[in-house]
Structure formats: C-alpha cells, structure tokens
Amino acid sequence: MVDDNELERLRDIAVPAPDGEAKARALAAAMQAFDLDEKISAVPQGTPAGLRLTERAQKLWRDIMQRKLIATPAITALVALPIASYAAFEMLKEQPPVIGGNGTVTETLADKRAAQKPAPEQPAINEPLAAAPAKAKKTDADAEYRANSQVVPATPAKPATEVDGLVKQEAAPDALPPPAPAESGQLAAGGKDGSRSRVMMNFKPQSQDEAARADQAPAGEAAAMPASPPAMVDSKLMVQPAPMPADQMQPQEENRDRIETFKTNPVHETAQDPVSTFSIDVDTASYSFVRRSLKEGSLPDPDTVRIEEMINYFPYDWKGPDSAKTPFNSTVTVMPTPWNEHTKLMHVAIKGFDVKPAEQPKANLVFLIDVSGSMDEPDKLPLLKSAFRLLVNKLKADDTVSIVTYAGNAGTVLMPTKAAERQKILAAIDNLAPGGSTAGEEGIREAYKLAQQSFVKDGVNRVMLATDGDFNVGQTDDDDLKRLIEKERKTGVFLSVFGFGRGNLNDQMMQTIAQNGNGTAAYIDTLAEAEKVLVDDASSTLFTIAKDVKIQVEFNPAAVSEYRLVGYETRALKREDFNNDRVDAGDIGSGHSVTAVYEITPKGSGGEQVDPLRYGQATVDNGGVANAGEYAFVKIRYKLPNENVSKLITTPVTAANEVKSFDAAGTDQRFSVAVAAFGQKLRDEDQTANFGYDRIAEIANAARGADPFGYRAEFLSLVRLAASLDGNK
C-alpha cells in the first residue's frame with residue numbers, strides 16, 4: 001500500500017524529459033483507456049452523424065502527429081500528465097520507497113534528483129493546458145498575430161466533450177507560444193524529432209509548390225526554408241488568418257520588363273541646326289503596351305509610349321506609288337497646330353507599294369518559339385500558339401514553314417514543311433509545351449541555319465521570333481545579339497520579333513534585334529491583335545519592298561524659326577548617316593504606311609521658344625535667301641530588298657502643301673494628329689500640357705472615317721480611359 005505521504009512525495013518528483021517512444025506508448029495507453037470507458041453507442045456507417053467520438057478523436061490526433069505539431073509547447077503540455085504518471089509508475093517499480101522503522105517513507109533516488117534541480121512551477125488547474133511552462137513575456141508580433149487571426153469552425157457545433165475541449169485549446173490563438181527568436185522569413189527548429197514551427201513575423205506568402213516543399217523538407221534544412229503565412233494548421237484545426245491590412249502587404253512580384261528610356265525630342269533653332277535625320281519606323285509594339293496598361297487600370301510608363309509607333313499602328317489611305325519600280329510615295333501637308341496657335345504641323349506620310357496576292361513571292365518562314373518555363377501563362381504560349389495557327393492558315397500552299405524552339409537549349413521541332421501540309425504544321429504547334437531556361441541566342445543560330453537550308457531565291461526568307469522576354473543562356477548582351485543579327489541579315493534572311501506577356505518582357509532587346517534584322521517588332525496581347533499583325537497586316541509584315549529607309553528634312557531658316565520632331569527619339573540618326581549606305585535603317589513592307597509629324601514655328605509668328613543669336617545669319621545666295629518660298633526640303637533614301645546601293649527621292653515643301661485650317665486637312669491627317677497629341681499627353685510633354693483629353697477625343701471622333709476593323713473606335717475608348725485615370729479633363 002502507498003499512503004498519502006508517499007503520494008505527496010510522488011507529486012513533487014521532477015518529471016524526466018520523455019522520449020519519442022514514451023510519448024507514443026503514453027498516447028496509445030490513454031486512447032485505449034478512453035475507448036474502454038466511452039459509453040456512447042456505436043454509430044452505423046454512412047449515417048449523417050459521422051464518426052464515433054473515439055474515432056474522431058483518434059483521427060484528430062493522427063492529423064496532429066502527421067503535421068509534427070506534437071513538438072509545440074501546447075501539445076507537450078497536453079501530453080505531460082499521462083507521461084508523468086507513467087514515468088512515476090516505472091520509477092516506483094525500479095526503486096520502491098524505503099519504509100523506516102517507525103513506518104515512515106525514507107528518501108528515494110528520485111528525492112535526491114529533485115533536491116538537486118527545483119521542480120518546475122505547476123500551472124493552475126483552470127489555466128490552458130497549451131500554455132508555455134516558461135513565463136516569457138509575449139512579444140508584440142505574437143499579440144498582433146492573435147489580433148489578426150480568426151477561428152473558423154470547420155463543422156457544425158456539437159456538444160462539447162473533453163477531447164473536443166483539448167483540441168480547441170490546442171487550436172486557439174491564445175494557446176500559441178511566443179514566436180521563437182529567429183530571423184524573419186525563416187523556420188525555427190522545433191523539438192528533438194526535428195519538427196518545425198513557423199515564424200510569423202513579416203511573412204511572405206508561399207506558393208503551393210513552396211508549401212509542399214516546406215512540409216517535405218528534412219529537419220536539417222528547416223532553418224533555410226522560407227516562412228509561411230500564419231495559416232499553418234490544417235483547416236480541421238480551425239485556425240485561419242484574417243486578411244492582412246493593405247499597408248502591411250508585401251509588394252507584388254517585381255516587374256522585370258526592360259524598356260529603353262529616352263528623352264523627348266527638343267526644340268531646335270533652325271538657324272543653328274536646320275537638318276533633322278531619322279530612320280523610319282513601322283513597329284507597333286508601343287500602342288499595344290499602352291492599350292494593355294490602360295485596360296488594366298493604370299496610365300502607361302512614359303518610356304513605353306513611343307509616339308511614332310502609336311501613329312503608325314493605324315492603317316491610312318495615303319496615296320501610294322503607281323508601280324513597284326518606285327516602292328513608295330510621299331505626301332506632305334502643312335496645317336495649323338490644334339494645341340498651339342503660334343505653330344504649324346508639317347505632316348509627312350509615306351505609302352508603300354501594295355503587292356497583290358497573286359504577285360507575292362514564295363515565303364520561307366522559320367518560327368522561332370520561346371518555350372521556356374516563364375511562357376507557361378495564358379497570355380504567353382497558349383496565345384502564341386493560337387496566333388501562329390492564324391498565320392499558317394493565311395499562307396499559300398507552296399510556302400515553307402519550319403519550327404525551332406528554345407528553352408534550356410534549342411531544338412528543331414519541325415523541319416521545312418510545305419504549307420499544304422497544314423495539319424502537320426498545326427500539330428507541331430499544338431504539341432509545344434513550356435519548361436526550362438531561355439537559350440535565345442542558340443535558338444537564333446539554329447533558326448538562321450534552318451532558314452538557309454530552305455532559302456528561296458527572290459523570295460521571302462524570314463525568322464519570326466516569338467518570346468516573352470530576356471535571354472538568360474548564351475549571349476545575352478543586346479550588343480552581342482545585335483552583331484549576331486547584323487551578320488546573319490547579310491545572308492538575305494530577315495528577322496521579325498513578336499512579344500507576349502508581361503513582367504519579363506525585354507522590349508529593348510526586341511527593338512534592337514528587329515531593327516538590325518530588317519524586320520518589325522510587335523507586341524501581341526490579345527488574339528485580336530494577333531489577327532491584325534499576322535493576318536490583316538501579313539503582307540506588310542512579311543513582304544519587304546524597301547529596306548534601310550531614312551528621312552532627312554532640311555528646314556529653311558528664312559521661313560521656319562524652330563522645329564521639333566514628334567516621336568522617333570529612338571530612331572535618330574546623325575546627319576552624315578543619311579548618305580552612308582553602311583548605316584542600317586527601317587524597312588517598309590507591302591502596303592505599309594509611315595507617318596512623321598514635325599511641329600514648326602514660322603518666322604515672325606511670335607511662338608519662338610529659343611532666343612535668336614545676336615550675330616546669327618542665315619544662308620544667302622546672291623544677296624537673298626535661297627528657295628525662300630519653301631518651308632523645308634524632304635529627302636528619302638532607300639534600298640531595294642536585294643540591292644545594297646541606296647536611291648533618293650526628294651520633295652520640296654511649299655505653300656502648295658499648306659491648308660488654311662486644321663479642319664481642311666484630310667481625315668487621315670487629322671486622326672493621326674489626334675494620336676500624336678494623345679501620345680504626347682501620356683508622356684506629359686509640355687506642348688500638350690493645356691490640351692485636354694476631351695479635345696483629343698473630339699478631333700479623333702470627327703476624323704474617324706471608315707473604320708472597318710474598329711481600331712479607331714477602340715482608340716476613342718482608350719482616350720476616355722486615360723482621361724478617367726489621369727483626372728485631367
């Protein structure tokens with residue numbers, strides 16, 4: 001028999017630290033005893049009442065054990081009592097108490113141990129079992145976490161039981177221990193079994209893959225794992241985090257789009273700098289950037305607004321040449337400036353010869369497609385595949401298609417195949433799947449090699465690169481890629497680039513290699529845009545009628561005090577580059593139209609922004625200014641696709657090119673001016689600071705004209721969106 005005194009001694013004995021096997025045995029014994037004592041009747045399988053109480057308790061304990069939460073202070077305290085009883089029983093068996101001669105119990109080995117180490121302070125009966133044994137002061141972060149957490153019941157309320165109470169105490173926010181003193185964004189190691197407890201301070205939301213990796217990581221890697229949100233307990237334990245306040249949320253993933261920065265063209269004083277030289281541009285990517293930004297509810301980054309690309313996005317009915325011998329025709333119009341009463345606009349429009357379908361040469365096309373892992377988004381590879389399907393259906397039966405893909409390395413998916421085998425080509429496109437890094441440089445080399453194998457003399461030989469962004473394997477520097485493209489274009493194979501998606505788009509690289517590959521750069525954000533670029537504008541996209549097209553304008557200082565070119569900042573050339581046939585420039589495709597707008601200040605108009613030089617003097621001829629009746633002299637230099645020596649076209653600009661009022665200008669001229677004004681407004685340029693969106697919309701609407709594809713109607717909606725976002729009517 002054990003008397004009361006002995007029980008008092010046993011109660012004060014220090015509890016030894018349990019090992020994993022002792023925990024398991026104690027837990028099994030407790031559950032077996034509970035199961036034997038339970039008096040709830042069995043519930044038949046399949047009834048709405050669910051599992052019996054013992055089965056529900058066992059399932060909850062199994063879930064807790066599987067998540068390695070047994071190492072938390074809450075569960076340790078919960079299991080401590082049955083373990084302590086079991087340990088005391090074993091100690092009594094190994095060393096029974098010594099009974100003295102007077103019937104009292106003498107000191108045991110356990111008493112000696114207790115004397116050497118004070119027993120821990122016991123919690124009061126009504127304290128939560130999950131409370132930490134140490135009296136550590138809770139940190140502010142812990143308090144904030146509890147305040148921001150909420151308990152969401154996973155099932156309808158049931159009558160409370162002892163086991164339910166224990167589980168609720170474990171799951172309650174107040175039962176959580178203070179956060180471990182680990183660095184933010186890490187996992188702190190837990191108990192001896194290597195279990196982990198998550199640090200909640202300044203957590204970064206995990207993806208599902210990251211969460212799975214965290215749960216499967218070995219114990220030794222715990223400290224290196226990223227932190228997880230507070231919702232670390234399964235929904236069955238009913239702890240869910242409250243939404244984090246907006247000012248505490250982590251920023252979204254960094255936008256790694258690479259856009260070339262540039263300064264707006266300045267105003268030039270004609271007496272000192274009368275010549276303007278630039279390469280023509282038929283790219284349209286900027287307009288698509290702007291449209292996507294506005295439709296997503298934000299004003300575009302000013303550096304994504306290239307005004308010439310916005311103007312040239314739209315088809316215009318400029319007068320074209322009468323025959324292919326002269327690849328394009330120019331039309332110059334001088335009109336009042338709608339945003340400045342002291343200046344005029346000199347509008348230069350070029351229209352390329354439109355090759356009839358029956359006369360179009362054979363096409364040898366190589367689709368160079370980025371299938372790296374980052375392309376696995378709806379607006380990237382899936383949209384790309386749909387876009388190229390549209391192009392394949394546009395090709396003639398004797399055209400040739402090859403497909404090269406690149407990710408970690410490049411490979412040929414489809415050898416040169418006649419477009420008559422459409423199903424074979426479409427099947428190759430449909431089977432494309434994303435994965436890996438981005439070895440773009442290797443892909444370019446492979447594509448050019450394949451294009452050379454099936455080269456068509458006097459035909460169209462073009463690599464069509466479709467990508468979402470940077471190259472990160474092989475040559476990745478823009479200048480290195482530029483030199484590679486320059487070398488390959490000498491073989492007669494040209495390059496066009498089509499961008500997809502957001503967040504990783506390298507527009508700067510796209511512009512560089514497209515310009516030096518005698519091709520175009522477009523950005524495809526919708527299937528409608530794919531249809532415009534690859535179907536409606538297929539002739540101008542694929543069939544080049546003139547290459548290295550440059551424009552040089554010399555202004556007459558006797559008639560024009562100042563001028564500025566609207567847009568074309570990234571296409572500027574040196575004056576001496578105009579006559580240098582080694583300097584690359586833009587290309588014009590079949591039926592392409594190119595528009596450039598100058599704002600000029602007529603002599604004596606009072607609108608000059610630069611003070612004249614006191615000792616300046618204009619060029620004179622025989623005591624007077626030469627060609628005094630001209631505003632300017634426009635020169636256009638170009639090469640035919642298969643030639644390397646340029647030809648020259650010139651046009652003097654006189655009063656015969658001038659209209660008296662802005663409304664007297666043609667419909668296309670006025671609409672293109674509205675687009676130019678919109679681009680300047682988005683770039684927040686000084687010239688249009690006081691020119692409202694409502695006036696831009698008024699001009700565009702009045703000059704809407706024939707709009708069979710709805711492009712101009714869409715432009716009006718973008719102007720309204722920008723007005724709402726800018727708040728500047």
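Arg 695 and Glu 698 make a salt bridge, with 3.5 Å between the closest N and O atoms. This comes from a predicted model, and both residues sit in helix H19 (residues 693–702), three residues apart, or about one turn of the helix. Neither end is tucked away: a relative accessible area of 29% puts Arg 695 in the partly exposed class, and Glu 698, at 49%, is partly exposed as well.

In general, side chains of opposite charge can pair when their charged atoms come close. Searching the whole structure turns up 24 salt bridges. One of them joins Arg 564 to Glu 599, with the closest N and O atoms 2.8 Å apart. Here the partners come from distant parts of the chain, 35 residues apart: Arg 564 belongs to strand E16 (residues 560–566) and Glu 599 to strand E18 (residues 593–602). Arg 564 and Glu 599 are both buried.

The side chains of Arg 712 and Asp 668 form a salt bridge at 2.9 Å, N to O. Since Arg 712 is in helix H20 (residues 711–726) and Asp 668 in helix H18 (residues 667–682), the pair ties together parts 44 residues apart in sequence. Arg 712 and Asp 668 are buried too. Beyond these pairs, there is also a network of salt bridges, made up of Arg 291, Lys 295, Asp 525, Glu 529 and Glu 714.

Turning to the strands, E15 (residues 544–555) is mostly covered, with eleven of its twelve residues buried. Strand E6 (residues 275–279) pairs with E15 through five bridges in the antiparallel sense, and within that pairing Ser 279 faces Lys 550 of E15. Strand E19 (residues 630–639) also runs antiparallel to E15, joined to it by seven bridges; there, Lys 550 stands opposite Arg 637. A further antiparallel partner of E15 is strand E17 (residues 586–589), with three bridges, where Val 549 has Gly 586 as its bridge partner.

Out on the surface, Leu 299, Leu 721 and Leu 725 form a nonpolar patch, and their accessible area together is about 210 Å². Leu 299 comes from the loop between helix H9 (285–295) and helix H10 (307–311). With a relative accessible area of 35%, Leu 299 is partly exposed.

Conventions
Residues numbered from 1 in each chain as written. Predicted model: local features only at pLDDT ≥ 70, side-chain atom pairs only at ≥ 80, totals over all residues. Heavy atoms only, no water. Patch = residues over 30% accessible without salt bridge, like charges linked within 9 Å, V, L, I, M, F, W, Y side chains within 5 Å. Areas by Shrake-Rupley, 256 points an atom, 1.4 Å probe, with all protein chains shown as cover. Salt bridge = Lys/Arg side-chain N within 4 Å of Asp/Glu carboxyl O. Helix = DSSP H or I, 4+ residues; strand = E, 2+ residues; numbered from the N terminus. Buried < 20%, exposed > 50% of the residue type's maximum accessible area, 1.4 Å probe, protein only. Pairing = 2+ DSSP bridges.
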